[in-house]
Amino acid sequence: MEEIVPLASLAATRKLGKRLAQGLKPGDVLALVGDLGAGKTTLVQAIARALEVDEPSDVVSPTYTLVNEHAGARGVLVHIDLYRLTDAENAVALGIAEQLHRRDAIVLVEWADRFSELIPAQATWVELHFGRSGQRTATLRRGPPSLFG
Ligand SMILES: Nc1ncnc2c1ncn2[C@@H]1O[C@H](COP(=O)(O)OP(=O)(O)OP(=O)(O)O)[C@@H](O)[C@H]1O
Ligand SMILES: [Mg+2]
């Protein structure tokens, strides 16, 4: 199952975030993929806003902390960024592997493709592209049918 969504504007990204948020429940994982600046954090912020997290402005890339946690209307939102993770063994040592498999939280992972072996099998993959002509798209793959519409 694959779907391509054009993201011509921030409004389109917000709309996608809202739609993805509607289908998300604790135990779900969104694996976000895309080059530097592709819009991964922007999509996480849109989802966080839709899930009514307490302080949407606090939703920033956890580049140094690797993991941030937010309280939302449908439970905990865990935001992980694997950009600075050096190896998979470290993910276990730092507790990230455990965070990725939380059943009580919605888990959103930036740079998921850097350690795809760590990503739970049920994850939905969202690939963000920044085309040469400047147009952005998202490609959605796998995951529960409720996320595809
Ligand atoms: N659909 C969109 N339309 C216009 N601008 C966008 C869109 N999505 C994201 N942007 C802009 O692109 C810039 C980079 O976005 P963002 O920080 O979300 O990327 P990222 O993939 O998380 O980057 P990094 O790899 O550094 O974590 C931001 O200024 C953001 O506002
Ligand atoms: Mg980011």
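**A buried tryptophan and the fold around it**

Trp111 is buried, because 20 other C-beta atoms lie within 10 Å of its own. A residue counts as buried with 20 or more such atoms within 10 Å, as exposed with 12 or fewer, and as partly exposed in between, with C-beta atoms placed from the backbone. The model is predicted; local features need pLDDT of at least 70, side-chain atom pairs count only at pLDDT 80 or more, and totals for chains, interfaces and linings use all residues. Residues are numbered from 1 along each chain as its sequence is written, and chains are lettered from A and ligands numbered from 1 in the order in which they are written.

Trp111 sits in the loop between strand S5 (105-110) and strand S6 (124-130). Its phi is near 60°, a positive value in a residue other than glycine. Glu52 also has a positive phi, near 55°. Glu52 falls in the loop between helix H2 (40-50) and strand S3 (67-72). Glu52 is partly exposed, because 13 other C-beta atoms lie within 10 Å.

Four helices and seven strands make up the secondary structure of the chain. These are DSSP runs, numbered from the N terminus: H or I of at least four residues for helices, E of at least two for strands. Along the sequence, the pattern is β-α-β-α-β-β-α-α-β-β-β.

The C-alpha atoms fill a box of roughly 40 × 35 × 30 Å, taken along the principal axes. Of the 149 residues, 40% count as buried. Among contacts (C-beta atoms, placed from the backbone, within 7 Å) between residues at least 6 apart in sequence, 62% join residues at least 24 apart.

Key. Two residues are in contact if their C-beta atoms, placed from the backbone, lie within 7 Å.
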